[in-house]
Amino acid sequence: NAGVTVTGHQGALKVDTVNREIVLEGIRGSSVEASTVNGEVIFDGEVRSGGHYLFATHNGDITVGLPANPSVTVSVSTFGGDFETSFPVKLKTSERHKRMRFTLGAGAAELELESFQGTIRLVERGAAGMGYAREKVKHEKAEKEKDNAAAQAFEDLRFHDLRHTFGSLKISQGEDVVYVSKQMGHSRPSVTFDVYAHLLKR
């Protein structure tokens, strides 16, 4: 399941994925929803008066960029994760791992944020927190691609490849050709010699 990046979209937007990140940048719409199970969610777009914005993930982090003087009512729901904000919000310690609701400015837009065990961040647009979130996604994407490449290499590996590796190693280590021939089940040592002659030490 691939990650999703949407840039410069205008109008309503709904994005779902399972195992990867969702990055929404320069979005201009009054209804925006994004949900993933194991990935990060990053939103860096307009939050319009009267608009509704919903971002959810089970295991990932959520980072939302807001203007310096936002007008939004925020609902946060987290169980095992943390909540961080660069805006002046008063929260009781007991609320940090439960549901909370607060208003920034006039509260003209509605913002819902849900993460079961990830960190939820509200940062100012263009701030360091947005850069951190983007770098984290870039790093995780690179690691995922590396893992996929390694998995593909194993999928492409045939039993014959392992057998050939065994023969190559034994011959290059100076093992007797007759012994290697018997171990590999060749009909006669000359078959082994023909295949691995280039590895025989002179």
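Student: How are the axes of H3 and H4 oriented to each other?

Tutor: This is a predicted model, in which local features need pLDDT of at least 70 and side-chain atom pairs count only at pLDDT 80 or more, while totals for chains, interfaces and linings use all residues. Residues are numbered from 1 along each chain as its sequence is written, and side-chain values use heavy atoms, with hydrogens and water left out. The axes of helix H3 (residues 177-184) and helix H4 (residues 189-196) come within 8 Å and cross at roughly 100°; axes are lines fitted to C-alpha atoms, for helices over the stretch in contact, with angles from 0 to 180 degrees between N-to-C directions. Angles of 65 to 115 degrees count as roughly perpendicular, under 35 as roughly parallel, over 145 as roughly antiparallel and the rest as oblique, so H3 and H4 are roughly perpendicular.

Student: By class, which residues does the contact of H3 with H4 have?

Tutor: From H3, Val 177, Val 178, Val 180, Ser 181 and Met 184 meet Pro 189, Thr 192, Phe 193 and Tyr 196 of H4, where contact means heavy atoms within 4.5 Å. Ala, Val, Leu, Ile, Met, Phe, Trp, Tyr, Cys and Pro count as nonpolar, Asp, Glu, Lys and Arg as charged, and the others, Gly among them, as polar. The contact of H3 with H4 therefore has seven nonpolar, two polar and no charged residues.

Student: Is Thr 192 buried or exposed?

Tutor: Thr 192 is placed in helix H4. Leaving aside residues up to four places away in sequence, Thr 192 touches Ile 171, Val 177, Val 180, Ser 181, His 186 and Ala 197. Buried means under 20% relative accessible area, exposed over 50%, and partly exposed in between (1.4 Å probe, protein chains only). Thr 192 has a relative accessible area of 0%, so Thr 192 is buried.

Student: How many residues apart in sequence are the parts that Arg 125 and Asp 44 tie together?

Tutor: Arg 125 and Asp 44 form a salt bridge with their closest N and O atoms 2.7 Å apart; the term requires a side-chain nitrogen of Lys or Arg within 4 Å of a carboxyl oxygen of Asp or Glu. Arg 125 sits in the loop between strand S12 (120-124) and helix H1 (128-156), and Asp 44 in strand S5 (residues 41-44), so the pair links parts whose separation in sequence is 81 residues.

Student: Are Arg 20 and Glu 21 buried or exposed?

Tutor: Arg 20 forms a salt bridge with Glu 21, the closest N and O atoms being 3.5 Å apart. Relative accessible area is 12% for Arg 20, and relative accessibility is 7% for Glu 21. Arg 20 and Glu 21 both count as buried.

Student: How does the salt bridge of Arg 48 with Glu 46 compare in burial: buried or partly exposed?

Tutor: In this salt bridge the closest N and O atoms are 2.9 Å apart. Arg 48 is at 31% relative accessibility, and Glu 46 is at 31%. Arg 48 and Glu 46 each count as partly exposed.

Student: Where is Glu 110 found?

Tutor: Glu 110 is at 24% relative accessibility and counts as partly exposed. Helices (H or I, at least four residues) and strands (E, at least two) are DSSP runs, numbered from the N terminus. Glu 110 belongs to strand S11 (residues 109-115).
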